[in-house]
Amino acid sequence: MSYIEIVDLRKEYIERRTKKRSHTDQEKTGDKLIALDGIDLEFKEGELVCILGPSGCGKSTLLRLIAGFDKATAGEVFIGGNKVKKPSSDSVFVFQQDGLLPWMTVWQNMELGLNHVSDEEEKAERVKEYIELVELSGFENNYPYQLSGGMKRRAELARALVVNPEMLMMDEPFTGLDFLTHMKMREEVVNMHEFIGKTMIMITHFIDDALTMADRVVVLSERPTKVKMVRVLDVQRPRNIEKDPVLRDLRDEIYLMLGVSYVV
Ligand SMILES: Nc1ncnc2c1ncn2[C@@H]1O[C@H](COP(=O)(O)OP(=O)(O)OP(=O)(O)O)[C@@H](O)[C@H]1O
Ligand SMILES: [Mg+2]
C-alpha cells in the first residue's frame, strides 16, 4: 500500500498582472498561473524520495499541499489512506529554512518538538544527543540570531530530526551549508532513514544529493508542471556516483532534462 498518494493534483495561483495579456503565452489563462498541472505520484512507506525540478516549477507548492498547509485547486492527497484536509503536526514534519523560533534558544527550540515526552530526563538526553549530532554543543543557550547561517541550518535540521515524526518532508535542507557540513548532514539524513525507516520526501537543487540519497528520484518539468521522470535507484549505499556507471548516466540524463547539456 502506498503511504502517500497524490491524485491528479492541480494548483493554480492568481497572478497579479505585470504585463499585457498575451495570446502567445500558453501558460497563462487569464490571470492564472498554473503551478501544478495534474500530478500523480505515490510514496511508499519508509521510502526516501528526492524531487528535482527547475526553479519556480512548484516543488515547494507540492510539499505544502502534501503537508496540508495549502489547498489544491483540484486533485487529492492521501496519507495512510486518509485525505489530507489540514496540517497534521504529529505525523508530518516539514523542515524549512528559518523554522526556529527567534525568541527561543537552540535548546528551547529543540525541546519544542518533544512536548509529547513527559520524562524530563529523557527529553534532555534526546535534545543533547541531537545537538551533539549537528555539532552545536556549547551553543545550546544561543538564540538563532546568535548563530552563523550554517549553524542555524544545522539547528533546524536537528530540530526536525529530534521530533522523530512518521514522515519528514524537507524543502532544500542543505542550501547554504558549507561543503563539509553539507556532506555530513546528507550522511546523517541517509543514516536516519536507513535505521529508522521513515518516509521522507526531500526537495533539492543538488542532483548529486538526489542520486546519493534517494530510493527514488522524481523530476518535475517546467510550469505548467507535470512529472517528467520517476526512477527507482536500486543502488546500494554508500554510493559513489563517479564509480557507478548507472548513476553517472542518470546524472547526465537529469542534467539534460533540466536544460544543462554538459557538466563542467
Ligand atoms: N502564494 C503564492 N501566490 C502566488 N503565486 C505563488 C505562491 N506561491 C508560489 N507561487 C508561484 O508558483 C510557482 C511555484 O512556486 P514554488 O515556490 O512552489 O516553486 P519551487 O519549485 O519551490 O521554486 P524554487 O526551486 O525556486 O524554490 C512560482 O511561479 C511562484 O511564483
Ligand atoms: Mg521552493
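Student: What makes Glu172 buried, exposed or partly exposed?

Tutor: A count of C-beta atoms, placed from the backbone: 20 or more others within 10 Å of a residue's own is buried, 12 or fewer is exposed, and in between is partly exposed. Glu172 has 17 other C-beta atoms within 10 Å, so Glu172 is partly exposed. Before we go on, this is a predicted model: local features need pLDDT of at least 70, side-chain atom pairs count only at pLDDT 80 or more, and totals for chains, interfaces and linings use all residues. Residues are numbered from 1 along each chain as its sequence is written, with chains lettered from A and ligands numbered from 1 in the order in which they are written.

Student: Where is Glu172 found, and what is its phi near?

Tutor: Glu172 is in the loop between strand S7 (167–171) and H5. Helices (H or I, at least four residues) and strands (E, at least two) are DSSP runs, numbered from the N terminus. The phi of Glu172 is near 50°, a positive value in a residue other than glycine. Asp8, in strand S1 (residues 2–14), also has a positive phi, near 45°. With 13 C-beta neighbours inside 10 Å, Asp8 counts as partly exposed.

Student: How do you know that the span of helix H5 agrees with what it should be?

Tutor: The expected span is 1.5 Å times one less than the number of residues. For the 18 residues of H5 (residues 179–196) that gives 26 Å, and the end C-alpha atoms are 26 Å apart, so the two agree. Helix H7 (residues 245–257) passes too: its 13 residues reach 18 Å from first C-alpha to last, close to the 18 Å expected.

Student: Which residues of H5 are buried?

Tutor: Met185, Arg186, Val189 and His193 are the buried ones in H5. Seen down the axis of H5, its buried residues fall within an arc of 105°, so they line one face of the helix. That arc is the one made by the directions from the helix axis to the C-beta atoms. On the face turned away from the buried side, H5 carries the exposed residues Leu180, Glu194 and Phe195. The cover over the buried residues of H5 includes strand S3 (48–52), helix H4 (149–163), strand S8 (199–203) and helix H6 (207–213). Just after H5, Gly197 has a positive phi of about 65°.

Student: Why is H1 called mostly covered?

Tutor: Eight of the nine residues of H1 are buried. Ala67, a residue of H1, has 24 C-beta neighbours inside 10 Å and therefore counts as buried. Beyond its neighbours within four places in sequence, Ala67 is in contact with Pro87, Val92, Val94 and Met169; contact means C-beta atoms, placed from the backbone, within 7 Å.

Student: And what makes Pro102 buried or exposed?

Tutor: Pro102 has 9 C-beta neighbours inside 10 Å, so Pro102 counts as exposed. Pro102 is in the loop between strand S6 (92–95) and helix H2 (106–112). Leaving aside neighbours within four places in sequence, Pro102 touches Tyr143, Pro144 and Tyr145 by the contact rule.

Student: Which residues are around ligand 1?

Tutor: The test is a C-beta atom, placed from the backbone, within 6 Å of the molecule. Around ligand 1 you get Tyr13, Leu33, Ala35, Gly53, Ser55, Gly56, Cys57, Gly58, Lys59, Ser60 and Thr61. H1 gives the most to this shell, with three residues.

Student: How many of that shell are nonpolar, polar and charged?

Tutor: Four nonpolar, six polar and one charged. Ala, Val, Leu, Ile, Met, Phe, Trp, Tyr, Cys and Pro count as nonpolar, Asp, Glu, Lys and Arg as charged, and the others, Gly among them, as polar.

Student: Where do the cis peptide bonds sit, starting with the one from Arg223 to Pro224?

Tutor: That bond is cis with omega near -10°, and Pro224 lies in the loop between strand S9 (216–220) and strand S10 (227–232). The bond from Arg237 to Pro238 is cis as well, with omega near 0°; Pro238 lies in the loop between S10 and H7.

Terms used: Contact = placed C-beta atoms within 7 Å.
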